Amino acid sequence: MTDFRGKVVVLNFWATWCGTCRAEMPNLERAYQAYKDKNVELVGISMDTDTQLVESFVKEVGVTYTILLDPSHRVASDYAIWALPSTYIVDEKGMIVGSEIGQLAESMLKNMLDQALEE
């Protein structure tokens, strides 16, 4: 994650088999497009084990933000993920400044990002 040092990072844990995750992705993409030039990165961390399935789904949905795979759930374990989707906002100093378990409304994500950018 050193590539994201000094940026506000949205970490979104998801899976292709999670209907709520799938429904949330267009909101995340819109937020990414609105904030990518404001020192914000969005990283989707998939719990799937099938790389081709993830790549196909991401292409179908039109996601342009970074997607990483966590098939061993090591990163999910580090963040104590117990439900999908789960989203964390990490500030420029690397501190978690916001989180949401379940589908994140676009307006709530915007508010969380605006707050993180103000700090």
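Start by selecting Glu41: with a relative accessible area of 14%, Glu41 is buried (buried means under 20% relative accessible area, exposed over 50%, partly exposed in between, with a 1.4 Å probe and protein chains only). You are looking at a predicted model, in which local features need pLDDT of at least 70, side-chain atom pairs count only at pLDDT 80 or more, and totals for chains, interfaces and linings use all residues. Residues are numbered from 1 along each chain as its sequence is written, and side-chain values use heavy atoms, with hydrogens and water left out.

Helices (H or I, at least four residues) and strands (E, at least two) are DSSP runs, numbered from the N terminus. Lys7 counts as partly exposed, at 25% relative accessibility.

Next, pick Tyr32 in helix α1. Tyr32 counts as buried because its relative accessibility is 14%. Leaving aside neighbours within four places in sequence, which residues is Tyr32 in contact with? They are Val40, Glu41, Leu42, Thr64 and Tyr65, where contact means heavy atoms within 4.5 Å.

Stay in α1 and select Arg30, whose side chain forms a salt bridge with Glu106 of helix α4 (3.1 Å, N to O). These two are 76 residues apart. Both are partly exposed: Glu106 has a relative accessible area of 32%, and Arg30 has 43%.

That brings you to α4, residues 106–118. Colour Leu109, Met112, Leu113 and Ala116, which are buried. They cover an arc of only 95 degrees around the axis, so they sit on the same side of α4; the arc is that of the directions from the helix axis to the C-beta atoms. The buried residues of α4 pack against β1, α1, β2, β4 and β5. Turn to the other side of α4 to find Ser107, Gln115 and Glu118 exposed.

For the last stop, show Cys18 and Cys21, which form a disulfide with sulfur atoms 2.4 Å apart (a pair of cysteine sulfur atoms within 2.5 Å). The link is right-handed, with 80 degrees about the S-S bond, and both cysteines are buried.

Conventions
The expected span of a helix is 1.5 Å times one less than its number of residues. A salt bridge is a side-chain nitrogen of Lys or Arg within 4 Å of a carboxyl oxygen of Asp or Glu.
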